[in-house]
Amino acid sequence: MPATYTKLVADREEIFSVKNWLKTNKVPSEFLIDEAEQAIYERLRVREMIGTPATGSIAQDASSLTLPSGFRQSIKFLYTTAGSWPISLRTLPELKGSRIYNSSGQLTQGRPVTYAIDGTSAQFECRALAAYPYEWTFYGTPTSLGPTNESNFLLTRYLGLFRAAVCMKGWEYLREPNEQAYWAQRLAEELYTANKENDQALAG
């Protein structure tokens with residue numbers, strides 16, 4: 001029988017419950033599930049995290065673009081005109097070092113060919129000379145488990161990984177450092193395997 005959110009938040013008698021995994025009813029299951037998902041999505045990069053590409057236009061005179069909702073990591077950013085030209089990803093220091101300013105202290109205009117990610121946006125090396133349509137494929141944050149979302153790919157495909165994250169957070173909450181360290185190592189191993197399989201699948 002598959003795991004579901006209802007089972008995860010049930011009492012210890014349920015084999016798929018957080019309380020069963022941690023061998024106590026004295027833990028906040030909902031909180032630990034949320035903590036576990038956040039820990040996983042910070043480091044996991046698999047096909048189920050690739051949603052519908054963001055589309056739109058870089059506005060004329062803009063030198064940045066707000067990150068799509070739920071953005072985690074960029075995969076491909078390209079123009080959807082003139083042969084779908086890709087925009088190359090750089091580090092933020094590299095991009096800022098490549099910017100050129102005119103005598104008035106304004107960033108020069110052109111067609112952006114590179115971008116970098118800061119906390120809230122994609123930054124470009126120049127101001128856009130015109131409006132440029134784009135398509136942006138990225139790893140995003142899936143919908144969280146909850147009463148209205150009983151299951152997701154973590155429970156159907158990566159239950160061992162999810163359990164490791166829950167137990168790591170649970171034993172941290174219970175202040176059991178040895179157990180917490182053990183499950184942290186298990187989580188690292190599960191994440192490595194999942195990410196490696198995804199890299200191989202994407203590479204063909």
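Student: How do you know at what angle helix H3 and helix H6 pack?

Tutor: In this predicted model, the axes of H3 (residues 29–43) and H6 (residues 159–173) form an angle of about 120° and lie 8 Å apart.

Student: Why is H3 called oblique to H6?

Tutor: Angles of 65 to 115 degrees count as roughly perpendicular and those over 145 as roughly antiparallel. The angle here is about 120°, so H3 is oblique to H6. The crossing of the two helices is right-handed.

Student: Which residues make the contact between H3 and H6?

Tutor: Contact means heavy atoms within 4.5 Å. Among the residues involved are Leu32, Ile33 and Glu35 of H3, and Leu161, Phe162 and Lys169 of H6. By class, the contact has eleven nonpolar, one polar and three charged residues.

Student: What makes E2 and E4 the edge strands?

Tutor: The open sheet has four strands in the order E2-E7-E6-E4, with mixed pairing. Strand E2 (64–66) and strand E4 (88–89) each pair on one side only.

Student: How do you know that E4 and E6 pair?

Tutor: Pairing requires at least two bridges. E4 and E6 (residues 114–117) have two bridges, in the parallel sense, therefore they count as paired. Ser88 has Thr114 in E6 as its bridge partner.

Student: How many helices and strands does the protein chain have, and why is the chain called more spread out than a compact globule?

Tutor: The chain has seven helices and nine strands. Its radius of gyration is 22 Å, well over the 17 Å that the globule rule gives for 204 residues, so the chain is more spread out than a compact globule. Along its principal axes, the C-alpha trace spans about 70 × 30 × 30 Å.

How values were computed:
Residues numbered from 1 in each chain as written. Predicted model: local features only at pLDDT ≥ 70, side-chain atom pairs only at ≥ 80, totals over all residues. Heavy atoms only, no water. Axes fitted to C-alpha atoms, helices over the stretch in contact; angles between N-to-C directions. Parallel < 35°, antiparallel > 145°, perpendicular 65-115°, else oblique. Left-handed = near helix turned anticlockwise from the far one by under 90°. Nonpolar A, V, L, I, M, F, W, Y, C, P; charged D, E, K, R; others polar. Rg over C-alpha atoms; globule rule 2.2 N^0.38 Å.
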